[in-house]
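Subject: Structure handover

Hello,

Here is the structure I promised to pass on. Please open it first, then read my notes below.

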Amino acid sequence: MIIRITTPADRSVAYGLSALGGSLADGPLTALGRWMIDHAGQDLAAQEHHSTGIGSRAAGR
């Protein structure tokens, strides 16, 4: 999925996505990014809930 291109003359290395890697970035990863944006508020609320200790006490810890 990732292409590594080396140039021995100047010791450079470059990376890029293959066609398969690009299809992953354009499909499932884009959908995951959208889901993360759509649910950011819920995620932050859960983090806040946990950081206050409420989640730990509720779990019996």
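Is Ser-18 buried or exposed? Ser-18 is buried, because its relative accessible area is 18%. Buried means under 20% relative accessible area, exposed over 50%, and partly exposed in between (1.4 Å probe, protein chains only).

Some ground rules before the rest. This is a predicted model, in which local features need pLDDT of at least 70 and side-chain atom pairs count only at pLDDT 80 or more, while totals for chains, interfaces and linings use all residues. Residues are numbered from 1 along each chain as its sequence is written, and side-chain values use heavy atoms, with hydrogens and water left out.

**Layout**

The protein has four helices and two strands. From the N terminus, the order is β-β-α-α-α-α. These elements are DSSP runs, numbered from the N terminus: helices are H or I with at least four residues, strands are E with at least two.

**The hairpin**

Strand S1 covers residues 2–7, and strand S2 covers residues 12–17. They pair in the antiparallel sense, over six bridges. Pairing requires at least two DSSP bridges between two strands. Ile-2 has Leu-17 in S2 as its bridge partner. Four residues lie between the strands of this hairpin, and Arg-11 takes a positive phi near 60°.

Gly-16 is in strand S2. Gly-16 counts as partly exposed because its relative accessibility is 29%. Gly-16 and Ile-2 are 14 residues apart in sequence, yet 5.7 Å apart in space, C-alpha to C-alpha. Ser-18 sits in the loop between S2 and H1. Leaving aside neighbours within four places in sequence, Gly-16 is in contact (heavy atoms within 4.5 Å) with Met-1, Ile-2 and Ile-3. On that basis, Ser-18 is in contact with Met-1, Ile-2 and Ile-3.

**The surface**

Of the 61 residues, 7% count as buried. The protein exposes about 5,200 Å², and carbon and sulfur atoms supply 62% of it. Accessible areas come from the Shrake-Rupley method with a 1.4 Å probe; for residues, only the protein chains shown count as cover.

There is a nonpolar surface patch of about 1,200 Å², with Met-1, Tyr-15, Leu-29 and Trp-35 among its residues. Such a patch takes Val, Leu, Ile, Met, Phe, Trp or Tyr side chains joined within 5 Å, each residue with over 30% relative accessible area and no salt bridge (a side-chain nitrogen of Lys or Arg within 4 Å of a carboxyl oxygen of Asp or Glu). S2, helix H1 (19–26) and helix H2 (28–38) each supply at least two residues of the patch. H2 gives the most, with four. Leu-29 is in H2. Leu-29 counts as partly exposed, because its relative accessibility is 47%.

Best wishes

Notes. Patch = residues over 30% accessible without salt bridge, like charges linked within 9 Å, V, L, I, M, F, W, Y side chains within 5 Å.
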